[in-house]
Amino acid sequence: MEEEGFSRRAVSILVIALAVLFTGGTVGFMRLLHESWHAALYRTIVTASLTGLDSTPHGLWAELLTIVIVLSGVAIFGYFAAQIFDSIAHSVLGGAWREKKRRKMIDQLRDHIIVCGYGRVGRRAGAELREAGVPYVVLDFSEEALEHAREQGDLYVDGSGSKDEDLVQAGVDRARGIIVASDDDGDNLYITLSVKARRPEMTVIARGSSEEAERKLKLAGADRVVTPYTTAGRLMAQQMIKPQVASFLSAMSSTEGPSFEEIEVQSTCRAVGLTIGELNVASRTGAHIIAVRKRAGLEMRPNKDTVLEESDVIVGVGSSDEIRRLEAMFEPRDAVV
């Protein structure tokens with residue numbers, strides 16, 4: 001935007017300068033040489049453009065005016081040439097510099113998310129990641145999608161998730177997960193297979209358009225599959241059948257509702273080997289542990305006798321402050337001052 005504004009300013013200066021020069025020269029020659037307006041204008045243009053003089057002006061003041069017009073013409077056209085050169089250099093060198101800087105920032109990312117496909121679903125996912133402060137890289141080849149990424153200040157790679165070299169540019173070897181949100185089930189299937197073949201441990205959340213696509217994506221290795229149309233239909237039906245339950249769930253998942261957080265129980269954490277009751281989580285933090293993922297699976301509604309072990313993942317719910325206190329409780333010993 002800044003470049004466009006500067007270009008308009010340069011054009012305005014050029015037009016005003018030429019108008020002043022031609023008007024002043026025409027009026028000057030009309031008075032000094034007693035020429036008609038069109039002859040005086042012709043003399044001014046020929047003089048200012050440095051193409052030569054139609055005839056040598058007579059009189060000191062006419063000669064001085066000619067010199068002023070020549071020098072002004074040189075200055076104006078020099079300014080014009082400088083603006084063209086600056087615009088070209090800024091476009092080429094500036095674009096190359098921005099590209100290099102963007103690639104360097106992507107190369108420095110660790111444990112980020114790749115959003116593959118930046119349509120409506122991908123943009124919504126990007127907005128959620130941006131709001132949560134989670135670093136991510138957009139991977140898409142659509143100019144509309146890339147323009148949206150630029151407007152949002154997103155890091156992006158102009159390419160396709162079906163190409164290994166583009167996935168590498170997006171940092172697939174360093175990312176913690178990928179959201180495969182293309183509109184095409186075939187592309188999503190191929191991308192899922194490619195990512196899982198390269199990094200089997202990487203989390204893949206894929207979009208599918210039907211239950212059949214969901215089944216195939218899970219067979220390809222997707223950890224989770226989201227079917228927007230099925231989900232939307234289910235929610236619409238729930239709004240009709242159980243409106244209060246649907247409203248409650250909507251409020252819980254909205255940005256204005258309580259915060260949810262996953263916290264891994266690390267080996268150096270003070271909570272290892274203790275029960276939820278012994279930790280007294282609710283009274284000390286105000287947050288509540290609503291689920292614990294153990295090696296055997298997800299334990300919903302854990303009770304006070306649930307023992308927390310290394311590598312368990314707890315799911316906590318509470319306000320932002322309560323969640324921060326909960327995270328502090330599960331910090332490693334060496335992180336606690």
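Contact means heavy atoms within 4.5 Å. Keep that cut-off in mind for Val195. In this predicted model, valine 195 touches Leu167, Ile178, Pro200, Met202 and Val204, leaving aside residues up to four places away in sequence.

**Confidence**

The protein chain has a mean pLDDT of 85. Of its residues, 90% reach 70 or more. Residues 1–6 are another matter: pLDDT stays under 50 there. For this stretch the model has four contacts beyond four places in sequence. Where pLDDT is low, the predicted coordinates should not be read in detail.

Which residues have the most contacts inside the largest nonpolar core? They are Ile114, Val137, Ile178 and Val195. This core has 22 residues. Several elements build it. Each one in the table supplies at least two residues of the core.

| Element | Residues |
|---|---|
| Strand S1 | 113–116 |
| Strand S2 | 136–140 |
| Strand S3 | 155–158 |
| Strand S4 | 177–180 |
| Helix H7 | 185–198 |
| Strand S5 | 203–207 |

A second core is separate and has 16 residues. Among them are Ile263, Val265, Leu279 and Leu308. In soluble globular proteins, nonpolar side chains tend to be buried together.

Zoom in on one strand pair. Strand S8 (residues 288–294) and strand S9 (residues 297–300) pair in the antiparallel sense over four bridges. A hairpin of two residues joins S8 to S9. Lysine 294 stands opposite glycine 297 in S9. Alanine 291 stands opposite methionine 300, also in S9. In a regular strand the side chains alternate between the two faces of the sheet.

**Valine 11**

Last stop: helix H1 (residues 2–33), where valine 11 lies. Is valine 11 buried, exposed or partly exposed? Valine 11 counts as partly exposed because its relative accessibility is 47%, and that class lies between under 20% for buried and over 50% for exposed. Phenylalanine 80 is 69 residues from valine 11 along the chain. In the fold, their C-alpha atoms are separated by 8.5 Å.

How values were computed: Residues are numbered from 1 along each chain as its sequence is written. This is a predicted model: local features need pLDDT of at least 70, side-chain atom pairs count only at pLDDT 80 or more; totals for chains, interfaces and linings use all residues. Side-chain values use heavy atoms; hydrogens and water are left out. pLDDT is the predictor's confidence in each residue, from 0 to 100. A nonpolar core is a set of buried Ala, Val, Leu, Ile, Met, Phe, Trp, Tyr and Cys residues joined through side-chain atoms within 4.5 Å. Buried means under 20% relative accessible area, exposed over 50%, partly exposed in between (1.4 Å probe, protein chains only). Two strands pair if DSSP finds at least two bridges between them.
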